[in-house]
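Please read the following note with the sequence and the model side by side. The points are meant to be checked one at a time.

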Amino acid sequence: MARRVLLHDDFMADTRRHEEWLIRSGREEWLTNLLGGIEEIAALLRRYPAIGPVLAEDERLVLRSFPFRRYPYVVWFAYR
């Protein structure tokens, strides 16, 4: 069963800042890679929400991280 992936407002703001910086820097290919990587990880999280090592947890949430497979980025995410 596929899960929903919700993108936090802070994540969206940070992604917009990265997009703007990459465009200003003439790195449109890097931008394409970043956005493609985000979609790739979102697809993985829909199917495997417990992917990646546990970084912290409490009674409500588990914080995990997972690297982009082909790019120098890491995503941190919470799973209920």
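This is a predicted model: local features need pLDDT of at least 70, side-chain atom pairs count only at pLDDT 80 or more; totals for chains, interfaces and linings use all residues.

1. Residues are numbered from 1 along each chain as its sequence is written, and side-chain values use heavy atoms, with hydrogens and water left out.

2. Helices (H or I, at least four residues) and strands (E, at least two) are DSSP runs, numbered from the N terminus. Helix α1 has 16 residues and reaches 23 Å from its first C-alpha to its last, close to the 22 Å expected at 1.5 Å a residue, where the expected span is 1.5 Å times one less than the number of residues. Helix α2, with 20 residues, reaches 29 Å between its first and last C-alpha, close to an expected 28 Å. Just after α1, G26 takes a positive phi of about 70 degrees.

3. How do α1 and α2 pack, and at what angle? Helix α1 (residues 9–24) and helix α2 (residues 28–47) pack at an angle of about 155 degrees, and their axes are 8 Å apart; axes here are lines fitted to C-alpha atoms, for helices over the stretch in contact, and angles run from 0 to 180 degrees between N-to-C directions. That angle makes α1 roughly antiparallel to α2, a term used for angles over 145 degrees.

4. Contact means heavy atoms within 4.5 Å. On the α1 side, F11, T15, H18, E19, L22 and I23 meet E28, W30, L31, L34, L35 and I38 of α2. The residues of this contact divide into 8 nonpolar, 2 polar and 2 charged, with Ala, Val, Leu, Ile, Met, Phe, Trp, Tyr, Cys and Pro counted as nonpolar, Asp, Glu, Lys and Arg as charged, and the others, Gly among them, as polar.

5. Buried means under 20% relative accessible area (1.4 Å probe, protein chains only). The buried residues of α2 are L31, L34, G37, I38, E40, I41, A42 and L45, and what covers them includes α1, β2 (62–67) and β3 (74–79).

6. T15, placed in helix α1, is buried, with a relative accessible area of 10%. Leaving aside neighbours within four places in sequence, T15 is in contact with L35 and I38.

7. F68 lies in the loop between β2 and β3 and is buried, with a relative accessible area of 10%. Not counting residues up to four places away in sequence, F68 touches L34, G37, I38, I41, Y73, V74 and V75. F68 and E40 are 28 residues apart in sequence, and 8.3 Å apart in space, C-alpha to C-alpha.

Terms used: Angles under 35 degrees count as roughly parallel, over 145 as roughly antiparallel, 65 to 115 as roughly perpendicular and the rest as oblique. Buried means under 20% relative accessible area, exposed over 50%, partly exposed in between (1.4 Å probe, protein chains only).
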